[in-house]
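Dear colleague,

Please find the structure below, handed over for your use. My notes on what was found in it follow.

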Amino acid sequence: MKILSSGPGLGLTSMVGRASIRLRLFASFGILLTLMLVVSVVALQRLNALTVAIDHLSGQQARGAALAQQANQYTQRAAVYLLRLLQTPSRSDRAPLYSGMDAAMAMSSRAMADLTMSGVAGTGGKPVERLLGVRHAFEEAFLETVDLVEVEGLAAAREHFDAKTDPLMAQLIDAASMMAEQQQQQVQARAEELKSDAARARLVILLLAPTALMLGGGLAIAIGRSISGPIQSAANIADAIAGGRYTCHIPEGSGPELTTFMRALRAMRDNIASREKRILDLAYVDVLTNLPNRTHFVEAVTRAVGESIGAVLICDVNRFAPINNALGYQVGDQLLREVGDRLLTHVGSAGVVARLGADEFAVLLPGSDEAAAISHAQSILATMHAPLSIGGQRLDVDASIGIVMFPRDGENATDLLRHGDLALALAKRRHEGFALGSDVADKSQHEQLTLIGEMRQALSRNEFEPYFQPKQELSTGRIIGAEALLRWRHPQRGLVPPGTFIPFAEHTGFIKEITPWLLASVIRQCAEWYRAGLRIVTSINISTLDLTGRRLVIDMERLLREHRLPPGMVCLEITESALMDDPEIALRHLCELADLGVKLSIDDYGTGQASLGYVQRLPVHELKIDRAFVDQVDSRAKSAAIIRSTILLCEELGLLVVAEGVETPAEMEWLAANRCAVVQGYRIARPMPADVFIDWVGDRGAAS
Ligand code: C2E
Ligand code: CA
Ligand code: CA
């Protein structure tokens, strides 16, 4: 994306662009001010010149006119004296006239001299010369007339005056007025000159002002653009970044401020991009293994489901908890990383490998059919089996896999993952490496999936209820115990058997909520019976997860104390698989429970392996032979042999032996004949609600 157009442009433009914004502003305002100054100075100068010229002109005109007038006045006054002189016959009377006449003549001469000196004469040309010439001639004639008065008498003088002096005086007045006229003409011409000067000045100012205005405006626009353009581009870039378009091009920027700004913008973009990537990573990547996480996997499955067929493999590490607990989290983490690596190496580009959580991984194989998915699962299990060395410690890794096919086993990621979990749980239960989604239960898959979803509500809505199945002592026929078996009284489905939901409650960890509730409910019930005089040892089934923490021990201790129930009235049934998952921790907690005085029973005996090892290490009280062996024991030699040897073993070890799932009288007889101590099964009674059970016991007679 190109946001800033940084075309070649003019040399000036690029030069302006490179300058700093401050410099650009200084320069533009500087140029504007200079232009204004030039216009003002030119205008002022022109104005000054005009004023001076006008002053000068008016001064000169006034002075010239005044001097000419003065000269004329004094000349005329002298002429008046002369006329009076010519009419004064007495010499003595004439004497005072001479002095007035001389003074007037002197004043006239001075005015004339001033006129000459003032420069008016210099520029006056002919009229002035003429005036001076006539003035000179008049002065000579005047003096001649005066001389004639004294030498030849008044008549001759008068004659001379009339003939020469008077005409010269008329000429003089004429010349003076001519000069004044000429002066006026000159002034007029000069005024015209000044007028055109002023017009020129106005034109210059008129031209200069808009030019300056245009220049200034152009400059302002150019500078404005050179600043606002990049800022607009920066705003566009910021918008692009805000919109998540981190690949947008950010130019270098022209000028120091914009270069810095663009650099900061680039750093900001890169930082936001890397932070967002980190956040995305955290949201989509499992930090421990660097594999996609559940969210990412769900999205990948959602996409794949819409496109074609395929498979999802849910892979769980067996006995991860004991490794984690015994060898520490660092080893556990390393093990998980190794498992992730192995899955990734195996799957390669054929699919997506993700870590869903804890020790659960998932593989998406788009386009894969069931045969291919099974073959993948088998080779994954084979790769997992390769021993692993962590911190010099050799570990055997083992996994279970649930395989689901889409769209057959689910049309969306949620259903597929749940179904995959069911298949995984099945694989674990069967101790088989993998199980298929199609193997999961006979109930409709949809029903199972919704049940899992509803399980949580069931507990808060009090929909769970313990049923009790009696345990009968064969030698006496008395009911000496009962096994609490969980039922779910579903508002729509009616009574739901535990086989439908317990495996998933175990797999999802929800069993950790159910068991404490069941324990409280059963102990309360058992204490009630005990106070009523019944001596019935009540058994409770517990799961692997119940033994991972101390909660069971703490709850048990508190409940026994609260209900004042002798601990020996409670028995915990443990399956071998519950022990195998994390033997050390489970054994420790079981020992603590046994220390309280609670009885322990090994459930489903014979279906697993290494049973005797645990019998040896645990303060076990009872052993329950799995109903698979009890079934038709009277006609099956193999089952008979197993049960017989188990009974012998229990006698040797001092354990109470219980045969469960006794259905037929023949089985009962066989067990009695072979000294089986206790029996449990439909032959005696089906599991019943507490009140039904107590009535049933009342009818049959229990141990008291
Ligand atoms: P389990 O502990 O082996 O319980 C005995 C199961 O055998 C019960 O099934 C019982 O109803 C059934 N049963 C008893 N007599 C006969 C018989 O003569 N013939 C046949 N075919 N079956 C008989 P249920 O109640 O469906 O329980 C199934 C399993 O669910 C139990 O197996 C146990 O593993 C689990 N479970 C039941 N209640 C609880 C519980 O409260 N907590 C836990 N953790 N698991 C439970
Ligand atoms: Ca049981
Ligand atoms: Ca059992």
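Strand E1 (residues 310-317) runs antiparallel to E3, and seven bridges join the two. Strands are DSSP runs (E, at least two residues) and helices likewise (H or I, at least four), numbered from the N terminus; two strands count as paired if DSSP finds at least two bridges between them. This is a predicted model, in which local features need pLDDT of at least 70 and side-chain atom pairs count only at pLDDT 80 or more, whereas totals for chains, interfaces and linings use all residues. Residues are numbered from 1 along each chain as its sequence is written, chains are lettered from A and ligands numbered from 1 in the order in which they are written, and side-chain values use heavy atoms, with hydrogens and water left out.

E2 and E3 form a hairpin with two residues between them, where Ala358 in the turn has a positive phi of about 40 degrees. Of the seven residues of E3 (residues 360-366), six are buried (under 20% relative accessible area; exposed is over 50% and partly exposed in between, with a 1.4 Å probe and protein chains only).

**The calcium site**

Which protein donors does the calcium ion (ligand 3) have? They are Asp603 (OD), Asp604 (OD), Glu660 (OE) and Glu660 (OE), at 2.1 to 2.7 Å from the ion. Donors are N, O and S atoms within 2.8 Å of the metal (3.2 Å for Na, K and Ca); water is not among the atoms, so sites may look incomplete. Along the chain, the donors follow the spacing D-D-x55-E. Asp603 lies in strand E13 (residues 599-605) and Glu660 in strand E15 (residues 656-660), 57 residues apart. Asp603 also bridges the calcium ion (ligand 3) and the calcium ion (ligand 2), which lie 3.8 Å apart. Asp603 counts as buried because its relative accessibility is 6%, and Glu660 counts as buried because its value is 9%.

**Helix H22**

Ala672 is placed in helix H22 (residues 665-673). With a relative accessible area of 42%, Ala672 is partly exposed.

With kind regards
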